[in-house]
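Thank you for making time this morning.

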Amino acid sequence: MHTRSIRTRVLSAALAVLALSACGGGGAGPAKQEPKDSSPVVAVINDRNLTANEVKAKLDEQPLFVRNRYATLEKKKEFVDNLVRFELLVQEARRQGLEDDPEIKATVEKVMVQKLLRKQQEAAAGKIDEPELRKYFEEHQSEFVRPERVRVSHIFLEAPQADAAKRAQARTAATKLLADLKGKEAGPTKSAFELAASEQSQDPVSKSSGGDLGFRSREELTQGWGTALAEAAFGLKTPADIGQVVETEKGFHLVKLQSRQVGMDLSFEQARPRIEARLLGERRSKAMEGFIDGLRTKAKIEVKDAALEQVKIEGADTKAAEPATAPTAQP
């Protein structure tokens with residue numbers, strides 16, 4: 001366990017400084033050289049020169065409140081001492097040949113690909129023109145302008161206005177049912193309303209779903225069931241609230257609030273950052289697909305199914321993945 005811990009620390013150090021070396025950090029081993037750093041040498045670690053520019057670059061990576069700690073010479077020496085310790089670990093990692101370790105190489109490849117992707121995305125980003133931003137805003141109004149909506153359940157007792165006797169009977173039944181449901185839901189039976197809707201509501205569309213009308217705007221509820229129901233639904237403030245009996249031309253309703261969606265009315269300028277981020281994301285994604293397609297076109301790629309089939313997946317249920325065998329015909 002102790003040996004593995006040491007190996008892990010050395011691998012981490014080697015990985016980090018491989019990236020530093022690739023940026024012109026120097027040290028043992030061949031690396032692509034950036035323009036020569038002519039700033040004063042701050043420290044020498046074996047054959048590795050640590051320059052003032054490198055120290056400054058490392059300091060600049062720190063948050064401002066951390067940088068402020070290193071204003072004095074004494075504190076700068078502490079910072080450099082940490083860089084020296086790190087460089088010693090790097091040199092030892094290289095001496096032990098860890099640059100050729102498969103784990104190191106695989107991690108460096110991942111970092112390299114990530115940097116390539118960032119580079120390509122930055123090159124593809126550019127600037128979104130004003131007409132394109134406005135076009136998106138106009139074509140996707142529902143994303144930025146949306147009325148307040150409520151989700152309610154209702155129990156509908158049909159009673160046309162022309163039938164006075166039926167309306168009187170329905171009004172009495174609705175009032176009695178309301179008192180019964182409020183009593184039950186004040187206790188342990190929180191879904192009494194939905195159960196009653198599935199058994200007694202005369203709205204065939206919502207009955208099977210416990211009276212759920214889904215999210216509706218005030219206008220949509222008015223068009224479907226009349227102004228009185230819309231006003232009653234939007235008048236409920238707290239989820240699970242049950243309103244008073246609502247009378248409409250079609251009959252009588254009991255209404256229960258499930259949830260509420262806040263309305264939204266963003267101007268173009270308010271929506272602009274969101275639109276720009278989305279269009280830039282789409283542009284980068286499209287550019288990356290084109291970039292990779294171009295690499296595929298120029299590359300020679302062959303996938304060998306026979307060899308791939310031999311790759312075993314640890315813990316996988318191979319029987320479940322196998323296609324069903326057609327039954328053999330019996331004579």
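**Aromatic pairs and their surroundings**

Let me start with Phe79, which is buried at a relative accessible area of 9%, where buried means under 20% relative accessible area, exposed over 50% and partly exposed in between, with a 1.4 Å probe and protein chains only. Before I go on, please keep in mind that this is a predicted model, in which local features need pLDDT of at least 70 and side-chain atom pairs count only at pLDDT 80 or more, while totals for chains, interfaces and linings use all residues. Residues are numbered from 1 along each chain as its sequence is written, and side-chain values use heavy atoms, with hydrogens and water left out.

A search of the whole structure gives 5 aromatic pairs, and here rings of Phe, Tyr and Trp (its six-membered ring) pair if their centres lie within 6.5 Å, with planes under 30 degrees apart counted as stacked, over 60 as edge-to-face and the rest as tilted. One of them joins Tyr70 to Phe79 in an edge-to-face arrangement, at 5.1 Å centre to centre and with 65° between the planes. Tyr70 also counts as buried, at 18% relative accessibility.

Phe137 and Phe268 make an edge-to-face pair because their ring centres are 5.7 Å apart and their planes stand at 75°. Since Phe137 lies in helix α6 (residues 130–139) and Phe268 in helix α12 (residues 268–298), this pair ties together parts that are 131 residues apart in sequence; helices here are DSSP runs of H or I with at least four residues, strands are runs of E with at least two, and both are numbered from the N terminus. Both Phe137 and Phe268 are buried, and together with Tyr136 and Phe144 they form one aromatic cluster.

Which residue lies over the face of Phe268? That is Arg134, at 4.0 Å from the ring centre, where a charge sits over a ring if NZ of Lys or CZ of Arg is within 6 Å of the ring centre and within 35 degrees of the ring normal. Lys250 lies over the face of Trp225 in turn, at 4.9 Å from the ring centre.

Turning to the chain as a whole, its secondary structure comes to 14 helices and 8 strands, and 27% of its 331 residues count as buried. Pro204, in helix α9 (residues 204–207), counts as exposed at 68% relative accessibility.
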